[in-house]
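Thank you all for coming.

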Amino acid sequence: MLAKKLKYAGTLLLTLPLFVATCLFYLLYTSLAIEDGEVRLSELKYSAVVHADSLGIPSIDAVNRTDAYQVLGFLHARDRLFQMELMRRKSAGSLAEIFGSMAVELDKHQRDYQFEQAAKNIVSALPAKQKQVLDAYVAGVNAFIDQTKMLPPEFIALKFRPEPWRAEDSILVALGMFQTLNGQEQDERMVTVMEKALPKQLVEFLTPDTDVYATVLLGGSDSHRPAQPVPVSAFAALDAGPIKLAKGSIDIDSSIAGSNNWVVAGKKTLDGRAIVANDMHLSLNAPNIWYRAELRYAGQYLNGVTLPGLPLLIVGGNNNVAWGFTNVTADLLDLITLDINPDNSQEYLTPNGWRRFTKTSANIKVKDGADIPIELRSTLWGPVSSKPLLGHSVVIKWTALETAAVDLGLLDMDKVTSVKEAMAVINQAGAPPQNVVFADRSGHIGWTYMGRFPKRKGFDGMASRSWADSSTAWDGFIPAEQLPRLYDPPEDFIVTANNRTLGRDYPYVIAHNWALGYRAHRITELLKGSNGITEQDMLQLQLDTRSEFYDFYQKLALQELGEVKGNEGIVSQSEQTLRAWDGYMHTGSKGAALLTAFRTKLAEALFAKVVSRCKQYDPNFSYAWREMETPLRQLLMQRPKGVIPTKYNDNWRLFILEALNSAAKDLRSHYPDIELAQLRWGTVNRIAQHHPFSKSLPVLGAFLDIGGFESPGCASVCVRVMSNEHGASERLVLAPAHPENGILEMPGGQSGHPLSRHYRDQQQFWQEGKTTPFMPGKFLHTLHFKPG
């Protein structure tokens, strides 16, 4: 009897894990999206139908615009609900409610912006037609939440059910994208600290707005902050700073949320069609940020990528016009230094005298923990940051928090029929400011800005200032009709890549910390020499990995190595490695890893003094000027005395060779089984797209993550931007006259569900740069939507 019981117990122990696994798999399986059948939407006016192809790309056919976007809301929630949940919670500062104490600090930081209140203000100010579409979209999202029998697996794992979606939540998603693209405070904090810590001429030398690759579209060739002579005495006067202090405090790659876009007129294409190309560079995650969709309603047609959480087509085209975005890298945020009343700390100085702070009490809910009470302060200019700047309280004055700067104006791109009409719509749209390029069916091309840009009075916005008197302020926004624009330029193409597009003659200062101009320069040079261009040619240009940028460092190192006698050991290996570089950032390129490490070592050593001095005023200081290449090359070419560490006794050759040696040693340490001369770029440049869970539970990485592959490309100095977890989040090539030849690639897939066949079925095309058609393929699934 005992033996039978033991045998039974043993069998139970063996089968129990299998039973649990089966139940778990069943739960996950039942949470997969429905692709065929019928769905009832109570707010739907007329019946609609959604067809889907082999990649799960939906084609929505509805009677009117509001119905089409209500269906899109349902599909977004069906395929990306957890992604939408994270985006609204991140913006609002409520992640700790589902993740616990690990998210508390992030929530505290996000609460500074008071996005919840901003979202309410924006929703209340939306034009009626935009609000109607937004309400319909919200109804679609909530229909899925209400009707689904099993939520996506992340909700099951975290043991919570999402609250109903609100119109404000969609605006929170928009504000999150605003923050990603244009809402970083660190530029102004960095320059403010530099102004305090360094002589004026040294600050000007370190913060130019131009470089040798500058490719300006209009406003003349001069810039507002041209390259300055090396301030030798100011540099020499700085105390020597330990190089280790500079590690992690110099953003040498200058990776930003940016993009490439360009447009080619019919005179340069094979048959007269105008073509847009666009690849937007963002964090690479699982799932991808974008969601492909095709919409037809009331005689209108849209196709491209959407952002889950918003009822908008972001980039793509309609039947007549194609468009693509790149980030302007505009200066849209000012930190206002507050003058606090010495007799009453609850008051701050305004042009009209002392004024009391507005205070709001709030709680941060923490999973498995007590609520954390916080107090939020506001001023007439905006919310007060919880993070002081040089010991002073500062206010966040930011266009994203201005009611008039955020709306759903992109909706009206559905009916534009020409580049000129599209430019007028884009100039009026409230969104994170973007360079927008256009092509229309007639072969015309154009470029302009989207978004609101502050008109500053009494200052340029680079550093924090007091607004206590009326001489310093914002004076509204730049009028839409005064935003820069080009229409059918004589060059027959237009290129932007987050670079400085404007010269000093343009009447307003748009930005200071522009991206390095190399990508725009490279694209421009290739387009100048090209004719008979096709969509495939445009895709190949998006995949280009030539980096003339590093030619400078290859020549610099080889020149100094040529002067070394003996040339043995690691020095000889370095020379062999450098000569092996083919000029590209291919996966098989040898020497590329040494060049990138060499440049990093040089920058860390040359700017260590600067970082050391600035950290005396702000321990978190980081030198992250995107045009730092200009002062870096000036120093390396002019080689003034008193700049390099004193141990070199102004011997620049020794300094440069030691930087090269140090870079080589680091690589040998990281890759001990690979000879330096045989180290391939792909071994160093690996890409992985992580699911939010895998970062805290690495054991799930193999199941949840996508990628983990060697990638061509680099962080910022080749057209194909791919580095670490940052890169092209889509690749679009589209001629509106011939969408059947269009291309649209993106990483991952349509679904955010790890068990879905659409979780990673587009990955290989994007990863290898293979053509994925812009138009959906043969329809395999049909979902009918009915009112009621």
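Which backbone oxygen does the side chain of Gln-554 reach? This is a predicted model, in which local features need pLDDT of at least 70 and side-chain atom pairs count only at pLDDT 80 or more, while totals for chains, interfaces and linings use all residues. Residues are numbered from 1 along each chain as its sequence is written, and side-chain values use heavy atoms, with hydrogens and water left out.

To come back to the question, the side chain of Gln-554 reaches the backbone oxygen of Leu-578 at 2.8 Å. Gln-554 sits in helix H16, residues 551–561, where helices are DSSP runs of H or I with at least four residues and strands are runs of E with at least two, numbered from the N terminus. With a relative accessible area of 14%, Gln-554 is buried; buried means under 20%, exposed over 50%, and partly exposed in between, with a 1.4 Å probe and protein chains only. Setting aside neighbours within four places in sequence, Gln-554 is in contact, that is, with heavy atoms within 4.5 Å, with Leu-578, Arg-579, Trp-581 and Leu-595.

Let me turn to charged pairs. The structure holds 40 salt bridges, each defined as a side-chain nitrogen of Lys or Arg within 4 Å of a carboxyl oxygen of Asp or Glu. One of them joins Arg-757 to Glu-35, with the closest N and O atoms 2.7 Å apart. This pair links distant parts of the chain, 722 residues apart, with Arg-757 in the loop between strand E29 (743–745) and helix H24 (763–768), and Glu-35 in the loop between helix H1 (2–30) and strand E1 (37–41). Glu-35 counts as buried, at 17% relative accessibility.

Another salt bridge pairs Arg-546 with Asp-551, at 2.8 Å between the closest N and O atoms; Arg-546 is buried at a relative accessible area of 17%, and Asp-551 is buried at 18%. In the pair of Arg-296 and Glu-294, where the corresponding separation is 3.2 Å, Arg-296 counts as partly exposed at 32%, whereas Glu-294 is buried at 2%.

Last, helix H9. Its 12 residues, 186–197, should span 16 Å at 1.5 Å a residue, and the end C-alpha atoms are 16 Å apart, which agrees; the expected span is 1.5 Å times one less than the number of residues. The buried residues of H9, among them Glu-188, Met-190 and Ala-197, pack against helix H10 (200–206), strand E10 (333–337), strand E16 (394–398) and helix H19 (608–615).

Methods:
A polar contact is a pair of N or O atoms within 3.5 Å; within protein, one must be able to donate a hydrogen and the other to accept it, and residues adjacent in sequence count only if both atoms are side-chain atoms.
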